Amino acid sequence: MTAATPSPSIETDTIHWRDGHPVSSRFDAPYFVPDNGLEAIRSTYINLNDLPARFSALARGEAFVVAESGFGTGLNFLATWQTWRANAHPEAQLHFVSVEPYPLTKQDLQRALECWPELAQYADQLKAHYPPAVRGAHRLLFDGGRVRLTLYFGYPVEGWNQLRFIADAWFMAGFSAGNAPGLLTNKAAKALSEHSHASTTLATHAPNNGVKHTLERAGFRICETPRCESTRDALLFIADPALITRQPTEYPVGSEAAAVTVIGAGIAGASTARNLADRGYRVTVLAKGAQPADGASGNPQGALYVKLGVDFGPETELALRGLLHSQRAYRALSITSNPSDEEAFWFPTGLLQMATTPRERDRQARFLERSQYPAGIFRPVGSEEATTLAGIPVNHEGLYFPDSGWLIPANLCRALLNHPNITTCFNTEVTGIVPETSGWCIQTRGNTDSYAPKLVVAGGHEIASLLPGAGRYRFKPIRGQVTSIPADKLRAPQRVVCGHGYVNPVTGGQSLIGATFDLKNPSPAPSTESNEENLSTLASWLPDLIDASAIDTETLQGRVSFRCTTHDYQPAVGAVDTESAGTNQSSASLFVLTGLGSKGLSFAPLLAEWLGDVITGQPECLEQRLSSRLTLARCRVQD
């Protein structure tokens, strides 16, 4: 691995035990105060910041942001979550933003949190969602999205400079991994002030005079009111409104602005609608078809699959982040929605990504040599192990992703749209959107217009005709046909097997194979030629799977969809710059989520989460260096 190829892995801390308490091996410092660590957290951070009262004062739809340096064992987060549950409005939102340069492994985290059985119901959920040690931001959702944890693995100043958020309260530890006890640099203090508003509070443990002076220079002053109850071991600072003038974020509680319309009921639109509905927004979904996912998202099966690049650049980083987030999201949705067998949508069977050509074997070899990934995301497998895992002969080496699998996209979209805050309007074809003074007029076929204060366009390749400056975007449709093979006509695998094409396990008596990649074929009708292409492609690297001579290709069922892609094959997400497109409408009221190509199942949950952050003004789950690459403006044709 060269200096120009950063590793996705980040170095972890390890713990050793001293008198029954976890201690950082790197810094030889305890992760929490022995014997009364939980009470110390409550008195130092939670009570000094007056969180019980501030949580109780929140109304429906409002959000509160707590930020800290040093996630460690997650005990601060769990104690805050417990306090939130006991005090906050059931439809308010908690955001907890934490940076950690040397995260613990899941095993060490689990053992450390066993010290606090009273937090077991919260700790169990954290352990279930705790991400692998991949550098950068991870968004974890709890309580149906009521509680959001943005966990940044990397150095504090680096993370704070990359993440967009404004904290209502700070926890500043006297010790955090990566920082010597009591050390606070001027750069770090400046970052704190840039992420604070005029009413932000900051509680710190055992500050020395250097820390006090650094915080004062950054715009914080020691709180001297009786409520502060500062002690010898802890001190509360408050923002000096003369130096930190930014005002607290205002949320559209109970107002018309808390309504959003989403155009599209495929994976992009359904994910966006559910994300906003979980945050308390009233969402109307308009869909051209008669049911969810009857466009590009409507194949009978879809694999949760990304192809990671040899070098760990931004595109691969976004793909990896999307894969990890979608695995967590589908698992959580499957548990909370508790679907019946007929409604099931997520099948985490694992996925094999095989090197079926000399070129791909060389690519995978360079990939494994040049990028270090945490254990558990995937592992290399030989043909013998691949055969055992798949349950069919696989004469190739490759990579095995144990937490991936396949989905039924239509069932997934129905589960996403099944929410009391979501109203669906099917058979509603949008023909135009026209700016109004404080929102958008949505024109539909049949001359039935509606109004939306905020609008998200999440359709496929046809959305360019709806956006301001119609037809001036570099979107393109790519035809793809999949083929369904009857279960008695093939040896179906137990897991998804990908190579040059792919094959899924059996569902509903059929196994889906595919898919063609037709750049110049505009036909929406399935063709025998495309079915034959799928069969021959699969037979070229899995010759024992199907007896092609026993199959009448003209009787096979095929399905055609058109993937919406951009000129650079990266998604387009975020606010539309309507001013440059020739309107005077606010760019904070029209948004897009499109251009997912064949990566919709892997990218939609993360990108809908980030778009939800942007629309609601809540902390963002993507670093600016990644989100800046997703702008719609880059897809606009320059005049």
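Predicted model: local features only at pLDDT ≥ 70, side-chain atom pairs only at ≥ 80, totals over all residues.
The largest nonpolar core has 67 residues, and Val283, Leu308, Leu412 and Leu622 have the most contacts inside it. Its largest share, nine residues, comes from helix α15, residues 600-616. Apart from this core lies another, of 49 residues, among them Ile10, Ile46, Ala133 and Ala234.

Take Leu412 as an example from the 67-residue core. Leaving aside residues up to four places away in sequence, Leu412 touches Ile267, Tyr330, Leu333, Phe345, Leu407 and Leu601.

Next, helix α8, residues 209-217. Which of its residues are buried? They are Val211, Thr214 and Leu215. Looking down the axis of α8, the buried residues fall within an arc of 95°, so they line one face of the helix. In general, an α-helix has 3.6 residues a turn, so residues three or four places apart point the same way. What do the buried residues of α8 pack against? The partners are α7 (186-194), β8 (196-205), β9 (220-222) and β10 (234-239). Just after α8 comes Gly219, with a positive phi of about 115°.

Now the surface. Phe517, Leu519 and Tyr569 form a nonpolar patch, with about 310 Å² of accessible area together. Phe517 sits in the loop between β27 (510-514) and α14 (528-539). Its relative accessibility is 47%, so Phe517 counts as partly exposed. Tyr569 is in the loop between β28 (557-566) and β29 (572-575). At 33% relative accessibility, Tyr569 is also partly exposed.

The loop between β27 and α14 also holds Ser523. Ser523 is partly exposed, at 28% relative accessible area. Not counting residues up to four places away in sequence, Ser523 touches Arg479, Val560 and Phe562. Ser523 and Phe562 are 39 residues apart along the chain, and their C-alpha atoms are separated by 9.7 Å.

Last, the backbone. Most residues other than glycine have a negative phi, and most peptide bonds are trans. Where is there a cis peptide bond? It runs from Gly514 to Ala515, with omega near -10°. Ala515 belongs to the loop between β27 and α14. Tyr569, from the patch, has a positive phi of about 60° although it is not a glycine. Asp28 is not a glycine either, and has a positive phi of about 50°. Asp28 lies in the loop between β2 (21-24) and α1 (37-47), and is partly exposed at 47% relative accessible area.

Methods:
Residues numbered from 1 in each chain as written. Heavy atoms only, no water. Buried < 20%, exposed > 50% of the residue type's maximum accessible area, 1.4 Å probe, protein only. Helix = DSSP H or I, 4+ residues; strand = E, 2+ residues; numbered from the N terminus. Arc of directions from axis to C-beta. Contact = heavy atoms within 4.5 Å. Core = buried A, V, L, I, M, F, W, Y, C linked by side-chain atoms within 4.5 Å. Patch = residues over 30% accessible without salt bridge, like charges linked within 9 Å, V, L, I, M, F, W, Y side chains within 5 Å. Areas by Shrake-Rupley, 256 points an atom, 1.4 Å probe, with all protein chains shown as cover. Salt bridge = Lys/Arg side-chain N within 4 Å of Asp/Glu carboxyl O.
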